[in-house]
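Please open the structure in your viewer and keep the selection tool at hand. The tour below moves from one selection to the next and says what to look for at each stop.

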Amino acid sequence: MARPNYLFTSESVSEGHPDKVCDRISDAILDAFLAEEENARVAAETFATTNCVVVGGEVGLSDPDRLRKVMGGVEQIVRDCVRDIGYEQDAFHWNTLNFQNFLHKQSAHIAQGVDRDGAGDQGIMFGYAVDETPELMPAPILLAHAILKRLAEVRKSGTEPTLGPDAKSQLTLRYEDGKPIEVMQLVLSTQHNDAAQTSADIRAMVEPYIREVVPERWLTDKTEWWVNPTGTFVIGGPDGDAGLTGRKIIVDTYGGAAPHGGGAFSGKDPTKVDRSAAYAARYLAKNVVAAGLAGKCTLQLSYAIGVARPLSIYVDTHGTSQVTEVEIEKAIAKVVDLTPRGIREHLGLMRPIYARTAAYGHFGRPPEADGGFSWERTDLVEALKKAL
């Protein structure tokens, strides 16, 4: 039986965090290829360090001339990403950074399995949903993202020019009877310029924005604030610490409230089930909870390279379901085609919608008119009920 009373902590990192800079670049490269051809194949990795960005991996388009065209634009994509994030530091500047491109044509041995509509690799993927927030997401990770996103908005608008792009947040929430009721610890470390001298200066600047996004009832006199607890944080981003694509998978998903299959998302086209099946698993888990079939749902899918159908579907409702997990598993298999092609078509994933996912979480975001975050729709509710 689940514990009713406990503390739980999740963290987030900003778009200027070194690893997130790399996720953004990898996903922007993916978008460029998908904009050229919906069946583009991309597995792009990025490494960033002091005044240097290196990209590599495999890519594929059906036409060699178009492949060369997109490859020729990769350097500008990288510089545009770094500029949009906000890096104009002496040792990491969008205009002066050194760039190296090691992207190459996709392996024919990998392509042969995908071209038969199979999965691009073996693996296990998890989805999760819980009814503790309107977004059906765990509250700690949702709020950790919201804080950093709000601070990025006021930084980019010029309202708070003292702030820098690199930041991390962390919240510890107290749960009572399984529901979040109070923030016990709030941690924020944010890059800043020399105008801010102390942690107190930074707290005075950021606290009003934090209070905009965290429910007022959850910030109490027991809440402990830790804002820039080490003091000065002027040197940030890849100049302060190297970055790599795919190192923030728990930040990307559920903040540790649910399992993660191990595969990262960014830079991978949706033939890779690491990405598309993880989105499908979230989509299904969210619809199970939205349909009132459970208050909490963890869902696992498994695949083998070159094999179209999922090898298994597993559901755990943590004792909150109105029907058995076996019945829910059978209903899920009826309402959605969970082959890699079926997922891509149902969710409309073969579109350039991925750069926006690179920071502030892949889940818990509203579905967008152009198909972005389509996996957050709750349009399976009636179909699931009918299948049951």
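This is a predicted model: local features need pLDDT of at least 70, side-chain atom pairs count only at pLDDT 80 or more; totals for chains, interfaces and linings use all residues.

Residues are numbered from 1 along each chain as its sequence is written, and side-chain values use heavy atoms, with hydrogens and water left out.

**A pair of helices**

Select residues 18–36, helix α1, and then residues 74–85, helix α3, which pack at an angle of about 135 degrees with their axes 9 Å apart. Helices (H or I, at least four residues) and strands (E, at least two) are DSSP runs, numbered from the N terminus; axes are lines fitted to C-alpha atoms, for helices over the stretch in contact, and angles run from 0 to 180 degrees between N-to-C directions. The angle makes α1 oblique to α3, a word used when an angle is not under 35 degrees (roughly parallel), over 145 (roughly antiparallel) or 65 to 115 (roughly perpendicular).

To see the contact (heavy atoms within 4.5 Å), show the side chains of α1 that include Val21, Arg24 and Ile25, and those of α3 that include Ile77, Cys81 and Asp84.

**The sheet and its helices**

Next comes an open sheet of four strands in the order β1-β8-β9-β10, with mixed pairing; two strands pair if DSSP finds at least two bridges between them. Colour β1 (6–13) and β10 (224–227) as the edge strands, since each pairs on one side only. From one strand to the next, the twist averages 15 degrees.

Now select β9 (residues 179–192), which is joined to β10 by four bridges and runs parallel to that strand; Leu188 has Val227 of β10 as its bridge partner. Helix α5 (residues 139–156) packs on the sheet and touches β1, β8 (163–176) and β9, its direction making about 155 degrees with that of β8. Helix α6 (residues 199–213) lies across β8, β9 and β10, and runs at about 120 degrees to β10.

**Two loop residues**

Most residues other than glycine have a negative phi. Select His318, in the loop between β13 (312–316) and α9 (325–335), where phi is positive at about 55 degrees. Finish at Tyr360, in the loop between α10 (340–347) and α11 (381–387), whose phi is also positive, near 70 degrees.

Which of these two is buried, and which partly exposed? His318 counts as partly exposed at 34% relative accessibility, whereas Tyr360 counts as buried at 8%; buried means under 20% relative accessible area, exposed over 50%, and partly exposed in between (1.4 Å probe, protein chains only).
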